[in-house]
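Subject: The structure we talked about

Hi,

Here is the structure I promised to pass on. Please have a look at it first, and then read my notes below.

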Amino acid sequence: MEVFQLKKFLSVALSATMMASTVALAPTFSAKTVDKAVTKTSESATSKDNFTWDNASVYFLLTDRFNNGNTSNDHSYGRGLEKDGTVTTKMNSDAASFQGGDFVGITEKINEGYFDKLGVNALWVSAPYEQIQGYTCTGSREKSAMPHYAYHGYYAGDYTDFDQNFGTEEEFKTMVDTAHKHGLRVVLDIVMNHPGYNTMYDMNKFGFGRLLTGWEDEYYSFKGFNDTYHKYITYEDSKDDGSLAKDWSTWWGASWLRGGIQGYPAFGSGADNILKGSAGGLLPDFRTESTEEVELPTFLANKWKKEGNYETKVAEMNKWFKDNNKTKRVRNYLCYWLSSYVEKYGIDGFRCDTAKHVELDSWAELKDDCTKALETWRKNNPDKAGADWDEPFWMTGEVYGKALSGPSDNYFTKGKFDSTINFEFSGGRGITDVSGVNTTYEKYARNINSSSTYNVLTYISSHDTALCGRDRSTDSYNKDKLIYQGSALQLLPGAVQIYYGDETGRKYVKAVGSIGTTISNGNHDVRSFMNWDSIDNDILSHWQKVGTFRNNHVSVGAGSHTSLKSTSGAAFERTYDKDGVSDKVMACIGATANTNVTITVDTTKFANGAILKNTYDDSTATVTDGKVTFNSGANGTILIEDTGEVNPIINVKSIKLNRTSYTYNRTTKNGTLTLKATVNPTNANNKKVTYKSSNTKVATVNGNGVVSLRSRGTAIITATSSDNSKIKATCKVTVVQRVTSVKLNRRSATLKVKGKANQKTCTLKAIVNPSNANVKTVTFKSSNSKVATVNSKGKVIAKKKGRATVTVTTRDGRKTARCTIIVK
């Protein structure tokens with residue numbers, strides 16, 4: 001493979017596969033050592049403002065894509081400019097270019113209260129240090145391509161200077177101080193694994209490597225094709241007489257980097273090999289594992305000399321090495337540069353890019369240095385906002401693809417991370433739907449909040465995966481999904497990350513390449529500029545309400561989780577009690593819209609009579625009989641906190657039923673009786689009454705006091721107060737079974753006057769229905785006693801020839817039956 005072809009692949013693959021890489025670097029400042037060891041864990045809500053990283057809501061923004069507060073710095077270092085300084089018109093898209101966002105723009109939004117209203121308590125911002133100044137490439141002609149600048153902050157150039165596109169040192173300092181005044185922790189996205197690429201612009205400006213004649217025409221064509229761009233750079237030559245290696249030694253140098261460059265060591269192999277750069281080993285890789293002492297890279301030394309600050313920077317750096325008893329190995333330079341941001345400006349944490357490609361002991365070293373640096377800043381700046389915060393320096397690591405693990409994970413035990421990025425819901429999937437969200441919440445609370453040394457940072461959208469709830473192909477977003485995810489993510493146990501625009505409906509941007517086709521690599525389309533002019537205010541308002549609820553209640557992220565029964569949606573309770581801080585809340589998400597939802601509560605936490613508030617709409621309700629009811633509103637979300645107020649407990653004194661006795665004359669159908677209980681006093685808190693029958697064969701009763709009268713007999717219906725089981729009222733119900741019919745054992749009989757004895761008489765038997773009738777008495781009567789007589793027992797006697805009719809009659813109901821008597 002020819003050298004330029006190798007580099008073509010190296011450069012294009014970075015943008016195609018770059019996984020959220022950002023380097024956070026700081027100017028070189030002296031750092032005093034701190035003797036006091038930090039032993040307090042970050043999980044306890046013991047800071048002056050009761051902040052804990054377990055309940056953090058981290059807002060991740062790309063500085064360049066958030067808000068343009070100072071247009072004068074938009075084309076720093078000639079970015080996007082022709083050689084003559086005019087703005088180029090040759091690029092079809094600025095998707096991979098600087099778009100103007102800066103420190104001033106972030107500060108404006110902090111002062112406007114944007115993050116306060118959103119309930120955010122930490123900002124994750126792009127690396128502020130100087131990036132490579134020129135552009136690299138995104139792809140080949142066939143795939144489409146465009147110039148790719150380091151707008152994302154992942155291509156470090158000089159760790160000790162601020163990138164002018166982002167702003168000045170003073171503007172950065174103002175941004176951090178303003179954030180602290182608003183209670184916002186500031187997290188920098190940092191890289192120890194790799195610096196940025198060599199670009200033709202940087203090679204020419206800083207005098208390293210070997211450019212070929214004609215490079216300027218190619219560079220200022222702004223095509224960004226790898227296959228032509230790298231033809232003008234010589235990386236390796238098998239017949240080199242040493243001059244090419246010397247040319248490249250004036251960049252970072254072989255003692256600092258490995259990569260496909262003359263005289264530099266090769267990359268390691270294997271996807272997770274620490275001896276390789278990010279994106280599959282395609283970026284130049286810092287030799288952080290090496291114990292060799294190295295000198296300052298030649299290009300940096302020359303750069304600082306031209307800027308007139310070489311002596312000052314070197315003196316401060318050498319003092320730090322001496323004061324901290326550090327050798328001049330690669331990782332110690334990086335630790336110094338990075339921790340200097342902490343000591344100088346009070347940075348609160350780092351998001352560490354490509355963590356699996358750096359040795360764990362290097363991460364541990366950085367953590368120790370930054371912990372000391374933050375203590376020093378707080379000590380040296382006692383009057384500044386944030387100086388009285390006492391949670392230690394925080395580090396979360398990007399281990400691509402990693403989800404929940406546990407406190408025994410080596411990233412925590414050996415790398416000293418406080419958290420790792422959680423990829424479980426990445427790729428646009430989002431948090432589990434309402435049918436399974438309580439199971440997810442229980443798992444996260446159990447795994448995270450049962451340990452004081454373990455946490456994850458969970459997201460649903462990111463700069464290197466996909467935007468949740470938005471569609472790449474249709475340039476649209478799913479409003480309902482973004483609203484549900486606004487609840488599901490922000491109510492998840494552990495720390496959560498909001499990617500800028502999740503809360504506003506920010507959409508993908510089409511990245512049009514140099515030949516006019518939509519570019520398919522680099523994830524530039526998920527990094528569109530913040531949609532300040534097209535915010536979906538319904539989505540934003542929802543995220544603000546849920547985010548504020550989370551920020552006000554440490555139990556949401558850091559508490560224990562208990563699922564609750566509800567008539568709609570997924571309801572749950574969170575409780576927190578640690579280090580003198582106690583908190584408890586309930587919530588219900590995914591409920592049917594605009595529905596009254598009744599939640600069964602734990603009365604040991606929310607007692608009967610407690611007045612609760614749904615912070616989503618500021619309505620209140622009282623816990624009654626272990627239940628509370630709120631309306632779900634248009635977005636099916638209820639956020640419940642205890643107001644601390646209690647309605648007076650008014651106990652039941654007596655119960656009176658509308659009847660004390662009742663008799664039902666049953667025929668063929670069951671009867672019904674509705675009992676109504678009057679509870680005294682009428683304003684008793686718990687007026688619920690239960691009903692019970694003493695004999696369910698006779699009568700049954702339901703919970704509403706409706707009695708079903710079923711069979712002959714007597715039953716006592718008892719109404720009992722739920723407030724006090726000793727308070728009762730009764731009603732005696734009697735079911736009388738009425739006669740419905742009667743029939744005789746025969747319908748006719750023939751007798752003889754002069755016949756034998758058994759021919760002169762017969763006995764009629766009356767059959768009364770139903771057989772369980774209360775009164776079965778009957779009487780018999782003959783229509784012609786001269787022909788035949790009948791006695792009370794139904795015995796008929798013939799008297800003379802003729803006809804007579806014997807009628808039987810029931811006393812109850814006067815039901816009759818007849819038998820014809822013929823006498824011969």
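Predicted model: local features only at pLDDT ≥ 70, side-chain atom pairs only at ≥ 80, totals over all residues.

Residues are numbered from 1 along each chain as its sequence is written, and side-chain values use heavy atoms, with hydrogens and water left out.

Let me start with threonine 160. With a relative accessibility of 1%, this threonine counts as buried. Threonine 160 belongs to strand S6, residues 156-162. (Helices, H or I with at least four residues, and strands, E with at least two, are DSSP runs numbered from the N terminus.) Its side chain makes a polar contact of 2.7 Å with the side chain of aspartate 158, and another of 3.5 Å with that of tryptophan 304. A polar contact here is a pair of N or O atoms within 3.5 Å; within protein, one must be able to donate a hydrogen and the other to accept it, and residues adjacent in sequence count only if both atoms are side-chain atoms.

Aspartate 163 is in the loop between S6 and helix H4 (169-181). Its relative accessibility is 0%, so aspartate 163 counts as buried. Which residues does aspartate 163 contact, leaving aside its neighbours within four places in sequence? They are Tyr77, Arg79, Phe98, Pro128, Tyr129, Glu130 and Gln131, where contact means heavy atoms within 4.5 Å. Tyrosine 77 is 86 residues away along the chain, yet the two C-alpha atoms are separated by 9.3 Å. As for glutamine 131, its backbone nitrogen lies 2.8 Å from a polar atom of the aspartate 163 side chain.

Glycine 559 is another loop residue to look up, between helix H18 (554-558) and strand S17 (560-564). It counts as buried, at 2% relative accessibility. Not counting residues up to four places away in sequence, glycine 559 touches Ala445, Asn449, Val554, Thr575 and Tyr576. From glycine 559 to arginine 446 there are 113 residues in sequence and 9.5 Å in space, C-alpha to C-alpha.

Now to the rings. The whole structure holds 59 aromatic pairs; rings of Phe, Tyr and Trp (its six-membered ring) pair if their centres lie within 6.5 Å, and planes under 30 degrees apart count as stacked, over 60 as edge-to-face and the rest as tilted. One of these is tyrosine 59 with phenylalanine 115: the centres are 5.2 Å apart and the planes at 70 degrees, so this pair is edge-to-face. It links distant parts of the chain, since tyrosine 59 is in strand S1 (residues 57-60) and phenylalanine 115 in helix H3 (residues 114-118), 56 residues apart. Both residues are buried. Tyrosine 499 and tyrosine 500 also form an edge-to-face pair, because their ring centres are 4.8 Å apart and their planes at 75 degrees.

Two lysines belong with the rings as well. The charged end of lysine 109 sits over the ring of tryptophan 532, 3.9 Å from its centre, and that of lysine 584 sits over the ring of phenylalanine 606, 5.0 Å from its centre. The criterion is that NZ of Lys or CZ of Arg is within 6 Å of the ring centre and within 35 degrees of the ring normal.

Finally, some backbone details. Most residues other than glycine have a negative phi, and most peptide bonds are trans. Phenylalanine 222, however, has a positive phi of about 55 degrees; this residue lies in the loop between helix H6 (215-219) and helix H7 (226-229), and is buried at 1% relative accessibility. Asparagine 325 also has a positive phi, near 55 degrees, but counts as exposed at 72% relative accessibility. Cis peptide bonds join asparagine 680 to proline 681, with omega about 0 degrees, and asparagine 769 to proline 770, with omega near -5 degrees.

Best wishes

Technical notes. Buried < 20%, exposed > 50% of the residue type's maximum accessible area, 1.4 Å probe, protein only.
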